[in-house]
Amino acid sequence: MLEGGLVVVGQHVAAVGQLAELQQAYPDTPLVHKGKALTPPVVNAHTHLDLSTVPYFRGSYSSFIRHVIDHASERNVKAAERGLRELQALGVGGFGDIVYKPEVLTWLLEHSPLPGVLYLEVINRNPSQADSVAKKVAQQLSDWRQQNSQVGVGISPHTPYNVSAALLKKLVEIARLEGFPLQMHVAESPEETELMTQGSGALQEVPLQYGFPAYQDWPGLTPVRYLAELGVLGPHLTIVHGVQVDEEEVQMLAQSGTRLVSCPRSNAGLKCGRMPWELYLKHRLEPALGTDSRSSSPDLDVRKEALFLWEQVDPRVLVRAATRNGYRVLGLEAPRITRGTPISQVQSW
Ligand SMILES: [Zn+2]
């Protein structure tokens with residue numbers, strides 16, 4: 001691969017190009033090596049800032065869910081503030097955040113200096129409550145949208161199994177009609193596939209342990225096929241993870257225009273497997289990158305997600321995932337480094 005470079009004069013970029021050509025054009029300029037890549041500010045397209053004080057966990061996905069439920073009371077403004085400060089210190093250009101409590105979302109809307117999307121997490125498996133829950137969510141989102149905030153709002157139906165089919169369809173309808181983006185955890189763990197296809201496995205035991213109703217009426221379909229059958233795939237939806245998929249499902253996602261965010265370190269730590277990058281790239285679905293929360297990732301730096309895969313995936317794809325694709329899934333304009341770009345807007349990896 002050819003090496004690239006930037007010429008910097010004062011505090012601004014004066015030229016961008018291949019290193020050899022730049023050295024010819026600027027023969028007297030001293031050369032400073034800056035690492036693996038120089039990019040615009042990276043984007044963390046999937047995190048949960050309100051989990052920033054929950055201890056880092058490694059283990060099976062179902063035991064991670066127990067860990068999160070056990071620490072539910074910590075999902076507050078203080079935790080979200082800590083996560084937001086970490087993103088600011090990393091100099092991210094945008095973020096996609098799943099928010100559990102409405103009051104935390106209100107706080108982030110008022111205080112985030114960073115652009116992006118705050119997705120309200122929705123969990124409800126009782127189909128008879130679908131109407132009332134959907135109405136409440138629609139009202140909350142339209143109220144939040146009135147606020148003059150740096151950051152937008154969207155909806156996050158938690159997973160295909162923690163939201164009833166009736167509610168999921170209504171949330172998608174609201175999102176389409178009102179233009180709210182959707183982000184949902186899909187095809188993350190083998191346990192999710194087992195629950196969706198057979199109604200069994202370690203995830204089935206989690207609600208029972210906490211006195212919640214057992215999972216019933218599983219669709220007998222894999223997560224992506226289930227969403228395809230419900231008609232919820234499409235460009236308004238970003239799925240997070242997409243690890244447990246076969247090629248036909250990758251094709252369904254790609255052809256429907258569904259977007260994708262990958263969190264490779266979290267997937268490895270929670271024994272979820274490795275997202276099949278080759279299949280997604282073959283069908284021209286390029287993912288964005290997210291860290292997931294501090295409870296399943298050691299930090300909120302998406303560059304480290306990319307470096308984690310540096311030897312396995314084309315580094316140019318990884319750089320696009322952490323920059324351009326991240327801006328796109330959040331509906332933000334992707335900056336480019338050109339002549340005149342302030343050097344403060346260039347990140348080295
Ligand atoms: Zn997540």
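Predicted model: local features only at pLDDT ≥ 70, side-chain atom pairs only at ≥ 80, totals over all residues.
Residues are numbered from 1 along each chain as its sequence is written, and side-chain values use heavy atoms, with hydrogens and water left out.

The chain is divided into domain 1 (1-40 + 334-349) and domain 2 (42-333), the bounds coming from an automatic or database domain assignment. Taken over C-alpha atoms, the centres of domain 1 and domain 2 are separated by 34 Å. Contact, defined as heavy atoms within 4.5 Å, involves 10 residues of domain 1 and 19 residues of domain 2. The area buried between domain 1 and domain 2 is about 1,100 Å², of which 71% is on carbon and sulfur atoms; buried area here is the accessible area (1.4 Å probe) that two parts lose on being put together, summed over both. Of the area that domain 1 buries against domain 2, Ala 334, Gln 347 and Trp 349 supply 55%, more than any other three residues.

The zinc ion is coordinated at 2.1 to 2.3 Å by His 46 (NE2), His 48 (NE2), His 185 (NE2) and Asp 292 (OD), donors being N, O and S atoms within 2.8 Å of the metal (3.2 Å for Na, K and Ca); water is not among the atoms, so sites may look incomplete. The spacing of the donor residues in sequence is H-x1-H-x136-H-x106-D. His 48 lies in the loop between S4 and H2 and His 185 in strand S8 (residues 182-186), so this pair ties together parts that are 137 residues apart in sequence; helices (H or I, at least four residues) and strands (E, at least two) are DSSP runs, numbered from the N terminus. The four donor atoms subtend angles of 88 to 170° around the zinc ion, which makes the arrangement irregular. Under the criteria applied, four donors count as tetrahedral if all angles lie between 85 and 135 degrees, four count as square planar and six as octahedral if opposite donors are over 155 degrees apart and all others between 65 and 115, and anything else is irregular.

Burial was assigned from relative accessible area, with buried meaning under 20%, exposed over 50% and partly exposed in between (1.4 Å probe, protein chains only). Asp 292, found in the loop between strand S11 (288-289) and helix H13 (302-308), has a positive phi of about 60° although it is not a glycine. A positive phi, near 55°, also occurs at Lys 271, which is found in the loop between helix H11 (264-269) and helix H12 (277-282); Lys 271, however, counts as exposed at 61% relative accessibility.

A search of the whole structure finds 17 salt bridges. One of them joins the side chains of Arg 75 and Asp 50 at 3.4 Å, N to O, and this pair links distant parts of the chain, 25 residues apart, with Arg 75 in the loop between helix H2 (61-70) and helix H3 (77-90) and Asp 50 in the loop between strand S4 (43-47) and H2. Both Arg 75 and Asp 50 are buried. In another salt bridge, the closest N and O atoms of Glu 178 and Arg 145 are 3.6 Å apart; Glu 178 lies in helix H6 (residues 165-178) and Arg 145 in helix H5 (residues 130-146), so the pair ties together parts that are 33 residues apart in sequence. Glu 178 is partly exposed at 43% relative accessible area, and Arg 145 counts as partly exposed at 40%. The side chains of Glu 278 and Arg 274 meet in a salt bridge at 3.0 Å, N to O, with Glu 278 partly exposed at 47% and Arg 274 partly exposed at 36%. Arg 225, Asp 246, Glu 248 and Glu 249 are linked in a network of salt bridges.

Methods. Salt bridge = Lys/Arg side-chain N within 4 Å of Asp/Glu carboxyl O.
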